[in-house]
Amino acid sequence: MSAATAAAKSATVKKDSVPEIIAASMVGTAIEFYDNYCYSIASASYFGVIFFPAATKANPAIGTMLAFLTFAVSFLARPFGSMLFGHFGDKVGRKTTLVVALMTMGISTFLVGCLPGYEQLGIVSIIILCICRACQGVGLAGEWSGAALVATENAPAHKRALYGSFPNLGAPIGFFCAYGLNLLLDTTLGPDTMQAWGWRIPFLCSAILVIIGLYVRLHMSETPIFRQAEAEDRVSKHPLRDLVPYWKEVLLGTAAMGITYSLFYVLGTWSLSYGVKVMKPAFTQNEYLAMQMVSVVFFAIFILVTCVYSDRLGRKTVLISTTLATLVFSLFAMQSLQHNVVTVMLFLCVGFALMGGLFGPCGAYLPELFPTHVRYSGAGLAYNLAAIFGGAFAPTIATALVQATGTVESVGWYLAVMSVIALIALFLIKESKNNDYAK
């Protein structure tokens with residue numbers, strides 16, 4: 001079939017409206033980040049006592065570190081999930097794959113909320129928790145890359161980064177929902193009830209979000225670029241094998257994206273644990289959650305701002321500038337972490353603004369590294385390897401550094417190293433703003 005015939009055929013197929021594209025791409029990532037944030041709050045605040053009671057009794061910091069290790073399990077499962085869902089996303093289409101990814105993610109999160117603790121099941125409870133967390137990671141791995149393609153493969157060429165911001169805006173929405181619900185529950189039920197059983201409610205509530213997400217996803221259309229590739233017989237039969245020649249793009253995408261994850265989990269997970277459990281005098285859980293909820297507004301704003309400028313100036317210009325600013329932040333901002341609302345708010349607001357600047361353009365530049373026939377696999381693998389490289393152990397590393405050095409400045413040096421690695425990768429990545437995305 002000729003390209004002209006294929007294009008004519010594609011034009012007759014229903015194309016989703018902009019609101020439908022926004023809903024289909026954003027809803028899954030909002031649920032993804034909601035699930036992840038609920039787990040990060042629980043691991044920072046409750047899981048040490050529930051699943052590692054002996055270690056927590058002996059040394060609360062050790063119990064928290066062990067809970068953070070279960071948090072890392074999801075990230076370790078992500079490369080497998082990205083290869084699995086990437087294979088089917090490039091072979092059978094974006095829509096079906098995203099529905100299955102959402103179901104995998106949602107069921108795993110719901111089961112965490114049903115799980116008995118160590119006192120009831122002993123070591124088995126930890127094993128089941130890790131299995132649920134691994135399954136959650138598998139589903140999460142297939143979610144973001146598919147959502148990014150739903151957005152960008154429906155976008156006008158000059159607005160790909162802006163459309164790519166739609167799934168990424170799910171991150172602050174999920175953050176706000178997760179932290180807001182935990183704040184409401186902690187205020188209503190109190191710390192003791194939350195520790196006893198209240199922590200389960202956010203996990204169980206994810207079922208409502210999954211039902212909404214499934215409704216939206218089942219009614220969306222396949223992306224026009226994938227339909228065109230099908231019509232022209234350009235769909236890969238063996239996506240992972242066909243991805244091998246693009247190994248440099250995968251590694252560069254991973255390295256460039258790593259600081260995004262490191263910064264996020266230092267801000268969202270480690271700093272919560274530090275501010276509530278280690279800082280002297282400490283903030284209450286409610287106080288710190290409230291400060292994080294205010295600061296996440298800057299996260300959302302700068303996702304949009306940097307995506308608009310990424311479409312105008314190019315991906316590299318915006319990302320290199322933001323990463324340089326993150327390097328400066330890493331070296332000087334940790335001194336703000338003291339019992340002072342103004343300095344902690346400055347730390348969180350500036351940090352989340354930089355996080356938005358790093359995270360926003362990735363919805364365009366990671367998929368743009370790869371051609372259509374391996375785009376789901378390539379973008380997903382780079383994104384999820386970055387999750388391991390930058391995020392899986394970030395809370396554990398930060399906690400261990402403070403334990404070993406007795407100072408929070410060591411966490412800043414950790415972020416600085418990750419920033420330098422990202423800068424090197426960004427200088428090596430080619431500008432992709434004007435790439436032919438239909439190839």
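Predicted model: local features only at pLDDT ≥ 70, side-chain atom pairs only at ≥ 80, totals over all residues.

Modeller: Residues are numbered from 1 along each chain as its sequence is written, and side-chain values use heavy atoms, with hydrogens and water left out.

Biologist: Why is F302 called partly exposed?

Modeller: Buried means under 20% relative accessible area and exposed over 50%, with partly exposed in between (1.4 Å probe, protein chains only). F302 has a relative accessible area of 31%, so F302 is partly exposed. This residue, F302, lies in helix α16 (residues 285–313).

Biologist: Which residues make the nonpolar surface patch?

Modeller: V297, F298, I301, F302, V305, Y309 and L313 make a patch of about 580 Å². Patch residues have over 30% relative accessible area and no salt bridge, and nonpolar side chains (Val, Leu, Ile, Met, Phe, Trp, Tyr) are joined within 5 Å, like charges within 9 Å. A salt bridge is a side-chain nitrogen of Lys or Arg within 4 Å of a carboxyl oxygen of Asp or Glu.

Biologist: What lines the largest pocket?

Modeller: Its lining has 18 residues, with E249, E368, L369, K430 and N435 nearest the centre. The classes are eight nonpolar, two polar and eight charged. The space in the largest pocket is about 380 Å³.

Biologist: Which helix gives the most to the lining of the second largest pocket?

Modeller: Helix α15 does, with five residues. The second largest pocket has a volume of about 230 Å³. A pocket is an open set of points on a 1 Å grid over the protein atoms alone, where a 1.4 Å probe fits, with protein on both sides within 12 Å along at least five of seven lines; lining residues have an atom within 4 Å of a point.

Definitions and conventions: Areas by Shrake-Rupley, 256 points an atom, 1.4 Å probe, with all protein chains shown as cover. Helix = DSSP H or I, 4+ residues; strand = E, 2+ residues; numbered from the N terminus. Points joined across faces, edges and corners; volume = space filled by probe spheres on them. Nonpolar A, V, L, I, M, F, W, Y, C, P; charged D, E, K, R; others polar.
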